[in-house]
Amino acid sequence: MQTFLTGASYPLRALGVLRRHPTLWQYIIVPVFLNILVGITLYAGLLVAGFRAIDGVIAGLPEWLAFIAWLLRALLIVVLLIATGYVLVRFGVVIGSPFYSRLSERLEERFSGVVFDAPPPTVGNVARDIARALLFEIKKLILALTIGAPTLLLNLIPFVGSLLATAGGIALSATISCLDFFDPPLERRRLRFRDKLGFVRQGLPATAGFGLVCLGLVSIPLINLLAVPLCITAGTLFYCDRHGNEHALSGNGSSPQAGSN
């Protein structure tokens with residue numbers, strides 16, 4: 001239980017680190033601003049389109065049913081807020097990945113004493129990084145579908161089925177959160193997807209506490225805009241504490257564990 005709580009405490013520790021080292025905010029402000037801009041644009045566009053659709057639906061209803069329009073608008077406001085927040089979490093990591101990767105590097109340099117010599121941003125290196133990032137997202141999607149679909153079928157079991165399905169869904173989502181927020185230091189080692197999953201598994205129950213807290217933070221609308229860099233900071237601190245010395249990089253940023261993502 002203590003190990004679980006220790007893992008769960010890393011986002012709070014990350015908040016303290018960011019407060020004590022304001023220079024790290026230069027890697028957070030720009031992607032957060034971009035996410036806010038994208039979120040406002042997406043939310044406003046969908047909200048206007050939704051209001052117009054609602055007006056069209058209720059146009060032929062009697063006046064005494066006008067309250068339905070207000071109920072539908074209120075429901076749309078809440079649903080779009082949650083949906084937009086979810087979309088921003090999934091794409092926010094991608095939008096801010098260059099900044100968050102640099103943030104993670106600076107943290108690891110500070111707390112593990114590892115000095116990074118990033119490869120030059122040639123066309124080949126950039127294309128390779130993009131390909132690995134896309135492959136990583138595809139593999140996370142395959143993992144979610146492979147485990148998520150059978151988990152949904154648990155609802156067919158009487159009495160305990162819904163409870164088991166809910167627990168399985170939360171565990172899967174927490175695992176995906178771990179993969180997202182541990183990825184910067186793991187990706188610098190060019191670890192394969194199975195090895196990244198192995199890092200999560202070997203760190204249990206601390207990674208379970210970490211993943212559940214991060215999942216909760218990124219599930220709160222608006223708060224999740226700041227939760228992404230906070231959780232990436234927490235994930236890097238977790239890595240530094242657990243495996244920073246064990247997986248120290250050489251000066252050229254390579255690792256003997258490098259492999260296909």
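Over the face of which residue does K196 lie, and at what distance from the ring centre? In this predicted model, K196 lies over the face of F136, at 4.3 Å from the ring centre. The side chain of K196 is also joined to that of E187 by a polar contact of 2.7 Å. E187 has its place in helix α7, residues 161-188, and counts as buried because its relative accessibility is 16%, the cut-off for buried being under 20%. Elsewhere, R73 lies over the face of F51, at 5.7 Å from the ring centre.

| Ring pair | Distance between centres | Angle between planes | Class |
|---|---|---|---|
| Y10 and F238 | 5.0 Å | 55° | tilted |
| F182 and F238 | 4.9 Å | 45° | tilted |

Because Y10 lies in helix α2 (residues 10-20) and F238 in helix α10 (residues 223-243), their pair ties together parts that are 228 residues apart in sequence. The pair of F182, in helix α7, with F238, in helix α10, likewise ties together parts that are 56 residues apart in sequence. Y10 is buried at a relative accessible area of 3%, F182 is buried at 1%, and F238 counts as buried at 1% relative accessibility. Ring pairs link these residues into a cluster that also includes F199, F210 and Y239.

F210 is also one of the buried residues of helix α9, among them A206, T207, C214 and L215. The 13 residues of α9 (residues 206-218) should span 18 Å at 1.5 Å a residue, which agrees with the 19 Å between its end C-alpha atoms.

Methods: Residues are numbered from 1 along each chain as its sequence is written. This is a predicted model: local features need pLDDT of at least 70, side-chain atom pairs count only at pLDDT 80 or more; totals for chains, interfaces and linings use all residues. Side-chain values use heavy atoms; hydrogens and water are left out. Helices (H or I, at least four residues) and strands (E, at least two) are DSSP runs, numbered from the N terminus. Buried means under 20% relative accessible area, exposed over 50%, partly exposed in between (1.4 Å probe, protein chains only). A polar contact is a pair of N or O atoms within 3.5 Å; within protein, one must be able to donate a hydrogen and the other to accept it, and residues adjacent in sequence count only if both atoms are side-chain atoms. The expected span of a helix is 1.5 Å times one less than its number of residues. Rings of Phe, Tyr and Trp (its six-membered ring) pair if their centres lie within 6.5 Å; planes under 30 degrees apart count as stacked, over 60 as edge-to-face and the rest as tilted. A charge sits over a ring if NZ of Lys or CZ of Arg is within 6 Å of the ring centre and within 35 degrees of the ring normal.
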